[in-house]
Amino acid sequence: QVSLESDLYTALQGLVSGRVHRSIFPQPPAAPEWPAIRFTRVSGTPAPDVCGGGSEDTDDVLMQIDIVALTFAQVDALTTQVVTAMLAYPHPNVRVGRRDDPYDPDTKTERTSLDYLIQLSST
């Protein structure tokens with residue numbers, strides 16, 4: 001069985017001293033220390049080669065990776081490191097076009113969002 005989330009955590013944890021979160025960042029009063037990374041499963045598409053198999057283990061997954069830091073320079077450097085880490089990620093993946101760089105006035109942080117299609121059907 002493929003451990004998508006565990007492998008993703010392992011691939012990214014060293015970039016931010018383990019501050020990698022699935023789906024949500026810790027909320028106040030235990031707000032996260034920055035920089036941090038969050039990954040969220042956006043969708044899954046059954047792989048055509050196992051159509052009707054009923055197993056999510058081979059679904060191709062669209063994963064959003066959010067990188068948050070206090071300065072744009074930090075978030076920009078971390079974004080480069082995440083892209084490099086995803087090249088070494090143990091499951092075939094492709095970055096799919098989106099990169100947002102919004103400022104969050106509520107948390108006073110810079111953010112980048114990257115979308116990756118992780119092709120578990122090829123694993």
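A residue is called buried if its relative accessible area is under 20%, exposed if over 50%, and partly exposed in between, with a 1.4 Å probe and protein chains only. By this rule Arg 38 and Asp 66 are both buried. The structure is a predicted model, in which local features need pLDDT of at least 70 and side-chain atom pairs count only at pLDDT 80 or more, while totals for chains, interfaces and linings use all residues. Residues are numbered from 1 along each chain as its sequence is written, and side-chain values use heavy atoms, with hydrogens and water left out.

The overall layout comes first. Helices (H or I, at least four residues) and strands (E, at least two) are DSSP runs, numbered from the N terminus. The chain contains two helices and six strands, in the order α-β-β-β-α-β-β-β from the N terminus. Among its 123 residues, 37% count as buried. A contact means heavy atoms within 4.5 Å. Of the contacts between residues at least 6 apart in sequence, 59% join residues at least 24 apart. The chain exposes about 6,600 Å², and carbon and sulfur atoms supply 53% of this area; accessible areas come from the Shrake-Rupley method with a 1.4 Å probe, and for residues only the protein chains shown count as cover.

The strands can now be taken in turn. Two strands are said to pair if DSSP finds at least two bridges between them. Strand S3 (residues 60-69) is joined to strand S6 (residues 109-119) by 10 bridges, and the two run antiparallel. Both strands are mostly covered: nine of the 10 residues of S3 are buried, as are nine of the 11 residues of S6. Two partners can be picked out along this pairing: Asp 66 has Ser 113 as its bridge partner in S6, and Ile 67 has Thr 112. As a rule, the side chains of a regular strand alternate between the two faces of the sheet.

S6 also pairs with strand S5 (residues 103-104), again in the antiparallel sense, over two bridges. Here Tyr 103 stands opposite Glu 110 in S6. S5 and S6 form a hairpin with four residues between them, and Lys 108 in the turn has a positive phi of about 55°.

In helix H1 (4-12), the buried residues are Leu 4, Leu 8 and Leu 12. These residues lie on the same side of H1, because they cover an arc of only 50° around the axis; the arc is that of the directions from the helix axis to the C-beta atoms. Helix H2 (residues 72-88) includes Thr 79, which is buried with a relative accessible area of 2%. Leaving aside residues up to four places away in sequence, Thr 79 touches Ile 67, Arg 99, Thr 112 and Leu 114.

A salt bridge is a side-chain nitrogen of Lys or Arg within 4 Å of a carboxyl oxygen of Asp or Glu, and the structure holds five of them. One joins Arg 19 to Glu 33, at 3.8 Å from N to O. Arg 19 lies in the loop between H1 and strand S1 (20-22) and Glu 33 in the loop between S1 and strand S2 (36-45), so this pair ties together parts that are 14 residues apart in sequence. Is Arg 19 buried or exposed? At 17% relative accessibility, Arg 19 counts as buried, whereas Glu 33 is exposed, at 54%.

Another salt bridge connects Arg 38 and Asp 66, with the closest N and O atoms 2.9 Å apart. This pair links distant parts of the chain, since Arg 38 is in S2 and Asp 66 in S3, 28 residues apart. Asp 104 and Arg 111 also form a salt bridge, at 3.1 Å between the closest N and O atoms, and both residues are buried.

Rings of Phe, Tyr and Trp (its six-membered ring) pair if their centres lie within 6.5 Å; planes under 30 degrees apart count as stacked, over 60 as edge-to-face and the rest as tilted. How many aromatic pairs does a search of the whole structure find? The search finds one. The ring centres of Phe 25 and Trp 34 are 5.2 Å apart and the planes stand at 80°, so the pair is edge-to-face. Phe 25 is buried at 4% relative accessibility, and Trp 34 is buried at 18%.
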